[in-house]
Amino acid sequence: MNMLLNPLNRRHRLRYDIPVVPGAFPLVGHLPAIACDLPRLLRRAERTLGSHFWLNFGPAGHLMTCMDPDAFALLRHKDVSSALIEEIVPELLGGTLVAQDGGAHRQARDAIKAAFLPKGLTQSGIGDLFAPVILARVQAWRHRREVIILPETGDLMLKLIFSLMGIPAQDLPGWHRKYRQLLQLVVAPPVDLPGLPLRRGRAARDWIDAQLRQFVRDARAHAARTGVINDMVSAFDGSDGALCDDVLVANIRVLLLAGHDTTASTMAWLVIELARRPVLWDALVDEAQRVGAVPTRHADLAQCPVAEALFRETLRVHPAITLLPRRALQELQLGQRRIPAGTDLCIPLLHFSTSALLHEAPDQFRLERWLQRTEPIQPVDMLQFGTGPHVCIGYHLVWLEMVQFCIALALTMHKAGVRPRLLSGVEKGRRYYPTAHPSMKTRIGFS
Ligand code: HEM
């Protein structure tokens, strides 16, 4: 299949001495190929242009993309900023920790992160909260015998995130509706008229923010309660230099977004890999029977090495976030090149996650690379979560929910004498950007 590139744009051009990938369309640049065919686009650009090249992200402009593993270290560089993210997604990420640097970022992050570390998650009883929700969902799959996997995992993840935030079950349909409208802000054209996505998305954001503001007030009124929101509110209120409630609310909203598509996609890929690799399913079933119940605390996860390896290998082969944008604040050395101050950069996590320079036999789905390792996990082993000051806050939560999900799925299906089977393709409709996911239509049977 041909890549979605503009056949009329074949000219080789340089920007600041670095080649621009040919084939950009007017207005949308390389976005169609980035969204639908990123691995091939990156490979072809590297083969024909070398390790440094410009990709055109349409409205977000040109980002200098570097395939040299040194580029991963830019995420820890003091002269590299995340502010570009706010310019790319202003309506959703403006004013949040994702797009901040330095002291402001540290202050917001410090107030949130403790709640998501193993101790915070255990104290809030998140594993106990999640286990029955996950079990109920996989039991429903067993009865239905066939599901379209991505919408199912998307729905499950939303339920888990909403329960994490303490949203009462009877309010969930309203939240679902507003959440879908909020997501329109990611792609909304900048036209603010009644009925158009921008107006609807902003209204949904205001509704969600008003609810979150009420949660914050409730948390203050019942400071003794435990739970993620209460932990965040008391950390915010106790931090040096008061942070206003708008900052707190915007950052809670980010948590709703950050933990949804990413985790839903990973969970869907996990089921797909289990369906197409019966040997892995058998190994998981053995482990699930040995542990006998869905684990609820981080301390229990060590008993589930196969489930953990599945989570890590699924994300390595199918990273949910494929590219990270950054801006160079000073001139930088990157591989063999000097990069001028002010350059917008793209860090291709997808490339590093599947690179032969970093992983043996990178194209093979191998649990052994995790099961047989003796040294602790290094930043490069979890690069799908980024690194440096912005490394994912949800890492421990994802690890917990993926292992819970694996064990719940194996126990439930094995008890019914069935296993997952792939009933349709995963490639047609597969996407790599803004988040990566398998086809929205992939069907999984349980028989
Ligand atoms: C498989 C699932 C997930 C993946 C692959 C993932 C990946 C990432 C990556 C690559 C970043 C770094 C962004 C950057 O450096 O610009 C990030 C940041 C972040 N993630 Fe996740 N994430 C996942 C799930 C979650 C969950 C479940 C939550 C919380 C509920 C979460 C909350 C966050 C937050 C708040 C940040 C911003 C941290 C900061 O800017 O300091 N993520 N994530």
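I count a residue as partly exposed when its relative accessible area falls between buried, under 20%, and exposed, over 50%. With that noted, I opened the structure, which is a predicted model.

**Entry: Asp237 and its partner**

I looked up Asp237 and got 41% relative accessibility, so I logged Asp237 as partly exposed. Its side chain meets that of Arg220 in a salt bridge, at 2.7 Å from N to O. Arg220 sits in helix α10 (residues 197–221) and Asp237 in helix α11 (residues 228–238), so this pair ties together parts that are 17 residues apart in sequence. I checked Arg220 as well: Arg220 is partly exposed, with a relative accessible area of 35%.

**Entry: the overall search**

How many salt bridges does a search of the whole structure find? I noted 30. I then picked out a couple more pairs.

**Entry: Glu331 and Arg338**

I found a salt bridge between the side chains of Glu331 and Arg338, with 2.8 Å from N to O. Glu331 has a relative accessible area of 46% and is partly exposed. I wrote down 46% for Arg338 too, again partly exposed.

**Entry: Glu360 and Arg366**

Here I read 3.7 Å between the closest N and O atoms of Glu360 and Arg366, which form a salt bridge. The cut-off is 4 Å, so I kept the pair on my list. Is Glu360 buried or exposed? I have Glu360 down as exposed, at 61% relative accessible area, while Arg366 is partly exposed at 26%.

**Entry: a network**

Last, I followed salt bridges that share partners, and they join Glu91, Asp192, Arg199, Arg202 and Arg205 into one network.

Terms used:
Residues are numbered from 1 along each chain as its sequence is written. This is a predicted model: local features need pLDDT of at least 70, side-chain atom pairs count only at pLDDT 80 or more; totals for chains, interfaces and linings use all residues. Side-chain values use heavy atoms; hydrogens and water are left out. Helices (H or I, at least four residues) and strands (E, at least two) are DSSP runs, numbered from the N terminus. Buried means under 20% relative accessible area, exposed over 50%, partly exposed in between (1.4 Å probe, protein chains only).
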